[in-house]
Amino acid sequence: MSEFSFANLTPDFILDAIESIGIYPESGLLALNSYENRVYQFKAEDNCRYVVKFYRPQRWSDEQILEEHQFAFSLQEAEVPVVAPITRDGDSLFHYKGYRFTLFPSVGGRQFEMDNLDHLEILGRYIGRMHSVAGSQQFSHRPKVNCQDYLYKAKSAVLNSQLLPMHLETPFITILDRLITKTEQEYHQVEQIRLHGDCHAGNILWAGDSLMLVDLDDCRQGPLIQDLWMMLNGDRHEQAVQLDTLLSGYEEFNSFEQRQLSLIEPLRAMRMVHYMGWLATRWQDPAFPRNFSWFATDKYWEQQILALKEQFATLHEPALRLIP
């Protein structure tokens, strides 16, 4: 099956797959915002709302997906607010005619407010609780946050995509190579734990006065700061205040090594390059040219050259420091 073969996921096929595990939808399928996988919300005859996720073929092995599920179950057992898969007869990963899918309870809520310090402190507590569970064991099958995947493979994907305009190749590759070299120098090794892996505002929901962590699809081993730094925005003082607030909650449940602060900008650089590589790799999927049409424009690549230069300069600045 082609890596990008979602063409057979017709409404009838999806409904047949769901019914194959004894869940019978009574509403239509509402497509949710997901590009890596295909995700739909529906209401079943038991009057419960569910979300079904069809995994992108060939992205993860069954063992890697089940590790993600087990991580979610262990967090749920520790009363960390995370959306975990629904099991049927002890199984959480299901197969139907070549596709793999999982069901989740549908969880409502509003998006996390990154500029709300009270919310940041609560989030810090929850991430601290998550990491206290995560550090109890390691993944055996999930990948790690590393320069090879986030920088070198991403660079190859971009250059092989033929989407980079020819007249911008030299300035783009020149600054990208300098950024990769500097990032690799700065990304020193620290203890790695199991991570959410993609802990940004879009993967945090507020329901009432509590939050819920969603979408462990990118969970992996890495430095714990990876699950914290994406909450930081604004100038250095604003980021220091936000980080101090996060850690005031985080350290109630887990310890934090200050030397991990020096990883924030290397991890930001890695995410920038990895994102470009991800778009290039997925360009064969019709959903990507349709939703990310700007990726194939000169303006986008000109902006990336500037962004890479700015990040390269930031990598030479002192690491973010906590407020005394």
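**View 1. F295 and Y300, a buried aromatic pair.** Both F295 and Y300 are buried (under 20% relative accessible area, with exposed meaning over 50% and partly exposed in between; 1.4 Å probe, protein chains only). Their rings form a tilted pair, 5.2 Å centre to centre with 55 degrees between the planes. Rings of Phe, Tyr and Trp (its six-membered ring) pair if their centres lie within 6.5 Å, and planes under 30 degrees apart count as stacked, over 60 as edge-to-face and the rest as tilted. Please keep in mind that this is a predicted model, in which local features need pLDDT of at least 70 and side-chain atom pairs count only at pLDDT 80 or more, while totals for chains, interfaces and linings use all residues. Residues are numbered from 1 along each chain as its sequence is written, and side-chain values use heavy atoms, leaving out hydrogens and water.

**View 2. Y275 and W278 on helix α7.** The structure holds 21 aromatic pairs. In one of them, the ring centres of Y275 and W278 are 5.8 Å apart and the planes meet at 35 degrees, so this pair is tilted. Both residues sit in helix α7 (residues 264-281), 3 residues apart, about one turn of the helix. Helices (H or I, at least four residues) and strands (E, at least two) are DSSP runs, numbered from the N terminus. Y275 is partly exposed at 34% relative accessible area, and W278 is partly exposed at 22%. Zoom out and you will find Y275, W278, F295 and Y300 in one aromatic cluster, whose members also include Y35, F172 and W301.

**View 3. Helix α5 packed against helix α9.** Helix α5 (residues 169-186) and helix α9 (residues 298-314) pack at about 30 degrees, with axes 9 Å apart; axes are lines fitted to C-alpha atoms, for helices over the stretch in contact, and angles run from 0 to 180 degrees between N-to-C directions. That makes α5 roughly parallel to α9 (under 35 degrees; over 145 is roughly antiparallel, 65 to 115 roughly perpendicular and the rest oblique). From α5, the contact (heavy atoms within 4.5 Å) involves P171, F172, I175, L176, R178, L179 and K182. Their partners on α9 are W301, Q304, I305, L308, K309, Q311 and F312.

**View 4. Two loop residues with positive phi.** D89, in the loop between α2 (62-77) and β4 (94-96), has a phi near 55 degrees, though D89 is not glycine. D89 is exposed, at 83% relative accessible area. K97, in the loop between β4 and β5 (99-105), has a positive phi of about 50 degrees. K97 is exposed too, at 63%.
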